[in-house]
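Work through the exercises below with the structure open. Each has a task and a stepwise solution.

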Amino acid sequence: QVQLVESGGGLVQAGGSLRLSCAVSERTSSSYAMAWFRQAPGKERTLVAAINWNNGNTYHADSVKGRFTISRDNAKNTVYLQMNSLKPEDTAVYYCATKGLLGSLVAVHRYHTWGQGTQVTVSS
């Protein structure tokens, strides 16, 4: 069973930056792609960004394009989310998740294993 451990959340002022990390215990066919989701209080969990381990193809939600960047370090089995120009509306619990080979990066129902979540709070 693949395990995911997130780190890097915290409190930051609007306009600031944070980098989230997600360490994966092992890479197998069941962990073909990685993604970051977020969930604000009272709202649904939404896909923020995703990346394919092998070819590095990425997806970024429109709400974060130009501000957030997902990347991976294959040697460290770690995925990152660099978040710049943070806004108060980015405040949420951020989760990393993994999916297998089936479906595209945005096939949210395919993500089957989740980290514990890390809180990101952006003050105005």
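**Exercise 1. The largest pocket**

Which element gives the most to the lining of the largest pocket, and with how many residues?

Solution. 
- Step 1. Note the source: this is a predicted model.
- Step 2. Answer the opening question. β5 gives the most to the lining, with 3 residues.
- Step 3. Take the volume. The largest pocket holds about 190 Å³ of space.
- Step 4. Count the lining. There are 13 residues, and Arg38, Ala40, Lys43, Thr46 and Glu89 lie nearest the centre of the pocket.
- Step 5. Assign elements. β4 (33-39) and β5 (46-52) are the elements that give two or more residues to this lining.
- Step 6. The lining splits into 5 charged, 4 polar and 4 nonpolar residues.

**Exercise 2. The four-stranded sheet**

Find the strand order of the open sheet of 4 strands. Then trace the pairings of β8.

Solution. 
- Step 1. Write down the order. The strands run β1-β3-β8-β7, and the pairing is antiparallel.
- Step 2. β1 (4-7) and β7 (68-73) each pair on one side only, which makes them the edge strands. From one strand to the next, the twist averages 15°.
- Step 3. Recall what pairing involves. Strands of a sheet pair through backbone hydrogen bonds, in either the parallel or the antiparallel sense.
- Step 4. β7 pairs with β8 (residues 78-83) over 6 bridges, in the antiparallel sense. Arg72 stands opposite Val79 in β8.
- Step 5. Inspect the connection. β7 and β8 form a hairpin with 4 residues between them. In the turn, Asn77 has a positive phi of about 50°.
- Step 6. Take β3 (residues 18-24). This strand also pairs with β8 in the antiparallel sense, over 6 bridges. Here Arg19 stands opposite Gln82 in β8.
- Step 7. Check the cover. In β8, 5 of 6 residues are buried.

**Exercise 3. The partners of β9**

Which strands do the bridges join to β9?

Solution. 
- Step 1. Locate the strand. β9 covers residues 92-99 and is mostly covered, with 7 of its 8 residues buried.
- Step 2. Start with β4. It is joined to β9 by 7 bridges, and the two run antiparallel. Ala35 stands opposite Ala97 in β9.
- Step 3. Go on to β10. Another 2 bridges join β9 to β10, again antiparallel. Ala97 has Trp114 as its bridge partner in β10.
- Step 4. Finish with β11. β9 and β11 pair in the antiparallel sense over 3 bridges. Val93 stands opposite Gln119 in β11.
- Step 5. Read Ala97 across the strands. Ala97 faces Ala35 and also bridges to Trp114.

**Exercise 4. Gly115**

Is Gly115 buried or exposed?

Solution. 
- Step 1. Gly115 lies in the loop between β10 (113-114) and β11 (118-123).
- Step 2. Apply the cut-off. Buried means under 20% relative accessible area. Gly115 has 11% relative accessibility, so it counts as buried.
- Step 3. List the contacts. Leaving out residues up to four places away in sequence, Gly115 touches Leu4, Glu6, Tyr95 and Cys96.
- Step 4. Compare sequence with space. Gly115 and Ser7 are 108 residues apart in sequence. C-alpha to C-alpha, they are 9.8 Å apart in space.

Technical notes:
Residues numbered from 1 in each chain as written. Predicted model: local features only at pLDDT ≥ 70, side-chain atom pairs only at ≥ 80, totals over all residues. Heavy atoms only, no water. 1 Å grid on protein atoms, 1.4 Å probe; cavity = no way out; pocket = protein on both sides within 12 Å on 5 of 7 lines; lining within 4 Å. Points joined across faces, edges and corners; volume = space filled by probe spheres on them. Nonpolar A, V, L, I, M, F, W, Y, C, P; charged D, E, K, R; others polar. Pairing = 2+ DSSP bridges. Axes fitted to C-alpha atoms, helices over the stretch in contact; angles between N-to-C directions. Buried < 20%, exposed > 50% of the residue type's maximum accessible area, 1.4 Å probe, protein only. Contact = heavy atoms within 4.5 Å.
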